[in-house]
Amino acid sequence: MQKKELRYAGKAKKLYATDNPDVFWVEYLDQATALNGVKKDRVAGKGALNNQITSLIFEQLKSEGIPSHFVKNVSKTEQLVKCVEIIPLEVVVRNVAAGSFSKRLQIEEGTPLDFPIVEFYYKEDALDDPFINDDHVKLLKLATGKEINDLKHLAREVNVALQRIFEQIGIKLIDFKIEIGRTKTGQLLLADEISPDTCRLWDLSTNEHLDKDIYRRDLGDLVPVYEEVLTRLENQFLVE
Ligand code: C5P
């Protein structure tokens, strides 16, 4: 497999074409951002950590019956993925109140929710990724009514599987964001990444933050924290 021209440069990843039109080459960058790119820093080692964490999680999800765009790792910081057309929605699932949810509804961070909440945010930097509802998704033609149902169903399934994965390594899954793509045949496939950048992860016994809130809230160095998450995942799931 050959890495070809750059197709897309995001905040934390670069996407390259390959000699296979159905496969992209993703490079995870040593870049941390928050507040939609307003806060930005180079963090050595972060790309490798998120590439490895995402790969392990996607492989684990696959074994739980949830396929993703992930194909395989090609280096510490790079992976191959299936080409999909990304739906411009951030699909967020929440199990415990935190972050923007706590702020918007004035529900104290850490309050368990009676059932998982699924939310949509429109991925549009110029608008600051606004919170939108099903009707907005339809009106903006981001997804059909059936796709909206399928997206929610997939998000809930991912939530159950991820909760199980993290519980096994002593971590409580507070909330997370996923992105979903369409294949050429219209199948919906889990895409992008699942890492401490995109999940809120609290230690089961201490409630210590093991995620990007460390960076967002200036609580310390995120590298040792992400290393801790990777080590726990490897110890539990990496088959020698
Ligand atoms: O900030 P908020 O509380 O809405 O975030 C909910 C979840 O979505 C968090 O786990 C956060 O890491 C994730 N998220 C993300 N990318 C964004 C916004 C939120 O991964 N642009």
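Reader: By class, how many nonpolar, polar and charged residues does the shell around the ligand have?

Author: Please keep in mind from the start that this is a predicted model. Around the ligand there are 14 residues, and the closest of them are G99, S100, K177, T198 and R200. Two or more residues of this shell come from each of β9 (89–96), α2 (99–105), β12 (171–182) and β14 (199–203). Sorted by class, the shell holds five nonpolar, three polar and six charged residues.

Reader: What is the mean pLDDT of the chain?

Author: For the complex, the predictor gives an ipTM of 0.99 together with a pTM of 0.97. Within the chain, 100% of the residues reach a pLDDT of 70 or more, and the mean is 97.

Reader: Which element supplies the largest share of the side of domain 1 that touches domain 2?

Author: The domain assignment divides the chain into domain 1 (3–82) and domain 2 (85–238), and their centres, taken over C-alpha atoms, are separated by 16 Å. Their contact takes 23 residues from domain 1 and 27 residues from domain 2. On the side of domain 1, at least two residues are supplied by each of β4 (31–34) and α1 (46–63). The largest share, eleven residues, comes from α1.

Reader: Is A97 buried or exposed?

Author: A97 has its place in the loop between β9 and α2. Leaving aside neighbours within four places in sequence, A97 is in contact with S102, I107, E108, E109, G110, T111 and L113. Because 20 other C-beta atoms lie within 10 Å of A97, this residue counts as buried.

Reader: How far apart in space are A97 and L219?

Author: Along the sequence, A97 and L219 are 122 residues apart. Taken from C-alpha to C-alpha, the separation of A97 and L219 in space is 19 Å.

Definitions and conventions:
Residues numbered from 1 in each chain as written. Predicted model: local features only at pLDDT ≥ 70, side-chain atom pairs only at ≥ 80, totals over all residues. pLDDT = per-residue confidence, 0-100. Near = placed C-beta within 6 Å. Helix = DSSP H or I, 4+ residues; strand = E, 2+ residues; numbered from the N terminus. Nonpolar A, V, L, I, M, F, W, Y, C, P; charged D, E, K, R; others polar. Domains from an automatic or database assignment. Contact = placed C-beta atoms within 7 Å. Buried ≥ 20, exposed ≤ 12 C-beta atoms within 10 Å, placed from the backbone.
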